[in-house]
Every structure is written in C-alpha cells, then in structure tokens.
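Here is a short report on a protein model and its ligand. Take a look at the structure first, then read on.

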Amino acid sequence: MNDSSDFAKLSAIVASSGDAIISTDFNGFIQSWNNGAAYIFGFSSDEVLGKNINTIIPKELIEEEKSFVEELKGSGEAKNYETIRKRKDSTKFPVAITMSPIRDAETNVTGVSVIARDITKLKISQRNNSLLASIIKSSDDAIISKNLDGIITSWNPGAKKIYGFSAQEAIGKNISLIIPASRLEEEKQIISKVIKGKKVDHLETIRKTKDGNEINISLTVSPVKDASGRIIGASKVARDITERVEIEKQKQLFIDKLQQLNDFKDDFMMMASHELKTPITVMRACLQVLHDFVSEGAVDIRFVDKSLANLDKLSNLVVELLDVSKIQNGKLELSVSTFNLFVLLEEVASEMQQINQEHKIILRGQGELLEIKADRDKIKRVLINMITNAVKYSPGENKVVVETVVKQSGVIVKVKDNGIGIPKEDIDKVFNRFFRAGGRASTFPGVGIGLYISSEIIRYHGGKMWVENNDDKGSIFYIELPQKSSNVLSEAV
Ligand code: ADP
C-alpha cells in the first residue's frame, strides 16, 4: 500500500465519520472540518475554515480549552475529556472530546486534532437511568428482574423489606426462593405469558418470606427485552397487600355479621309478633267474657286465672327481650349473694310441679354441699327455663329428672327428659340467639331466646352450659357453676 492510497482511505473515514473531526493550528484556527462536524455543529466547512475554534466554544469555557491545548503542547499526549460546545444556533450541548497533537514529518507538534462526539442522548439516558435507579432504590414495592430460566438478576431494597432476603442472598438464586411450593404452577403460567410478550397485571397471590411466612402480594410482571427486541427476562413489581387483605377479611366478617344480625332481626320480628299475638288474643277473649259476666253480675275465676297466666307470658317475653338487648350491649348485671343451690332447686321444682300435672319432677342430689355465690334470681330463671323446656319438649312423657353433682371444678345441675331430643345437626346451635331446632321442635310454640339468655347468665357467672342427647330418648341439659370459693364474682352490697 502506498502513501496516497493510505491517505485516500483515511480521508474517506474522516469524511464518513458521524463524529466531528476537526484540526486546528496552535493558534486555534480551524484547518479541517469534516461532514460529522458540519452535522453536529451546524456550520458548513466554508463557514468555519480559517475561523477560530472559539466559534464553537461557549465563552465561559474558552480558558479551559486554552489550558487543555497548553497541556497537550507540554505532554504531547492525547487527552480525553467531556465538556460543553456550542452549535451554530448558539444552543449548547455535551460532547466527549479526544484531543491529539498533529505532528509534521520531523515529529514536531504543529497543531491539534479534535474528535468530538455529541453525547446529548447518552447524557439524557444516563440521567434517566440514574433517575430510574433512584426510583427503584427508594420504592417500597419489591422490584425484581429475572431471566427466562427464573434466575433473579436484580433485587431492590423494597424486595429486601418485603421478602427479608438481601440482594446478595437473592441474586443468582431461582425465583422459587420466594414462591410457596403450592404456587409453583402459577409461576410457570406467568412465564409462559411473559415469553409471548404479554404482561400479567395486578395478580393477587401469595409469596413466602425468608422466615417462612406467607404474605399476600399484588404482582405485575412484564417482559424485559434487549436492544433488538428479543425477550430476555421479566421484571416483577410486587406490593405487600397483607394488611389490605386482612382489613378486607375483617370488613367481610363485619358485613356477614351485620347480615346475620339483620336476618336475626327479621326472624325475631316474625316470631315475636306471633308469640305476642297469642297471649293478647287469649287475654282479650277472657277479658271480654269477664266483662260480660261482670255486667251479668257473675264472675268465673277461671277467666281471671287465664288472663293472669297470659299476662305472665307476655311480661316474661318482655323481660327476656330486654335481657337479650342487655347481653348484646354487655350490660347484664348480676346481684350476687351466697345461697344453697339445692334449696333453690327444691323451690323451683315445687313451683314447677304445681303448674305441671303431667310430669313428675324428680330431684336427686346432695343438698348440703351446694353453697354457691351467684345471682339467685337469675340462676332461678335458668333452672325454670331448663325444666320448662324439658316438660315442653317431652309431651306424653311423665317425668323430668333434675340431678346435682358436686365436682372439683364446680357444681353441676343436669335436667334430663325423655322427649323429642335434638337433631344432631342442631345440637351445637340451640344456645344461639333466636335459634329453634328443625323437625318436630318447630311445631312447639317458642321464640328461641330462653337458652341463649340462660347460657349467657351462666357464662357471666364464670360457668358453662351444654346439652347432650339422652341415650334412652330425649335430652340432658347441663349447667356447671364454680364452687363458692371461686373469686369470679364479688358479692353485691
Ligand atoms: P324456645 O323453647 O322458646 O324455642 P329455647 O331457647 O328455650 O327457646 O330453646 C331453643 C331450642 O332448643 C328450642 O326451640 C328447641 O328446638 C330446643 N330445645 C330446648 N330444650 C329442649 C329439650 N329439652 N328437648 C328438645 N329440644 C329442646
């Protein structure tokens, strides 16, 4: 190759370069100006050849440029630096410059060659990258990337906060590090979407943390492409929504409870109106008869008794309804005293016997050991409710057995009947408010609040109430109250 062909090649390279290639003498006068320079600075070579290089240098950087040239003269070595230059339209832009000495045949430095590259785009993308990096760094969301083999390639501080693994621990590991075994199939489906270039948006799922806890997250997965547009991995943005899910769960529970209460209210209104209607109708009829008798001067005592009995029913119902609302509001009050439960049972059994001729109420137990500390009136109501139910739900039978048992843990009263019993599926529900068992039981009058109130009264005393089906036939209701020594309750003054 001869010199002239070398020169021709070099000239072609200079002419076709996208970079500005400029040469100047030591006084800064432009000697050559390629197409790249014309493109970048906006001046044609005709406009700048012979002009000073200061034409493209912002005023405030002229001194800097001079010092670079002096340095070059001194060292004779090429120098790279980034600075600012000015276009024909006076706009300033960042450039990367390589400044080299030009030597003559005797190697004397005779001028300066400058290769300048417009780095505006590079700077913008650097700025964008650092902005993105700082967003990713400061995000509370976990931002993770992984390749198509599922290997984690980046892990931000948000990911550490949510999953507990540090970047060091996570990068290079498979993404299954944070996926519960039961969700691995879901991950495969996500990847198959990503490979097709599709995005997975706000998928609510479960992930696992370093300490093995499962957390609820909202996940967005997007394909990551290389410069040629080929999908090379996926980026995952995950937000911890455990708290939100918990709040939603609580909200749902609350709504369900409200709904249940509303249903209770409707059922209750229906039952109460029915139950209140019957005694009122009977009383009205009796009073009408009384009225007629009075006007005729003769009164039959049976009508008076019937009216009084129905009035009792009505006032009991009203007391029970009031109790339900007191229990609901936590306002049921106990008036506690020390008394013998067996004596109370004898009293209740005798009163109940007087109004129930069909059933014999049999009382068994050891009276002397049954001193308890409780609200006597309320316990009396519980016992009446148990015996009334035993009689009511055993039509055609002839006995109800009431038995007391003294145990280490407390005093137990059992009320056993041979009646209709309680269907298995309802046995856990009979103490619920307004619950009435299905089947035969539903043909008996009732509102379904007696057992609820009774069990709450016993609970207020620190005891418990439960039911079992009688092996022979019928049911056995139990209450257990703490012994007198229990300090659950303090005596009323
Ligand atoms: P009510 O008798 O007014 O319906 P309770 O709260 O006293 O209300 O009883 C709730 C339900 O429990 C009753 O409707 C009945 O289905 C069932 N039950 C209560 N006691 C007995 C019993 N001794 N035998 C069978 N079922 C009973």
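## The largest nonpolar core

In this predicted model, the largest nonpolar core holds 49 residues. Five of them touch the most other members: Leu 341, Ile 379, Leu 383, Phe 477 and Ile 479.

Take Leu 383. Neighbours within four places in sequence are left aside here.

## A separate core

## Around the ligand

Where does the ligand sit? The ligand is found in the largest pocket. Around the ligand are 21 residues. Those that come nearest are Asn 389, Tyr 393, Asp 417, Arg 436 and Leu 451.

## Polar contacts and burial

Two of those nearest residues reach the ligand with polar side-chain atoms. For Asp 417, such an atom lies 2.9 Å from a ligand nitrogen. For Arg 436, the distance to a ligand oxygen is 2.6 Å. Val 447 uses its backbone instead: a polar backbone atom there is 2.9 Å from an oxygen atom of the ligand.

How much of the ligand does the protein bury? Taken alone, the ligand exposes 530 Å². The protein buries 97% of that area.

Definitions and conventions:
Residues numbered from 1 in each chain as written. Predicted model: local features only at pLDDT ≥ 70, side-chain atom pairs only at ≥ 80, totals over all residues. Heavy atoms only, no water. Core = buried A, V, L, I, M, F, W, Y, C linked by side-chain atoms within 4.5 Å. Buried < 20%, exposed > 50% of the residue type's maximum accessible area, 1.4 Å probe, protein only. Contact = heavy atoms within 4.5 Å. Near = heavy atom within 4 Å. Polar contact = N/O pair within 3.5 Å; in protein donor to acceptor, adjacent residues only side chain to side chain. Areas by Shrake-Rupley, 256 points an atom, 1.4 Å probe, with all protein chains shown as cover. 1 Å grid on protein atoms, 1.4 Å probe; cavity = no way out; pocket = protein on both sides within 12 Å on 5 of 7 lines; lining within 4 Å. Sits in = over half its atoms within 2 Å of the grid points.
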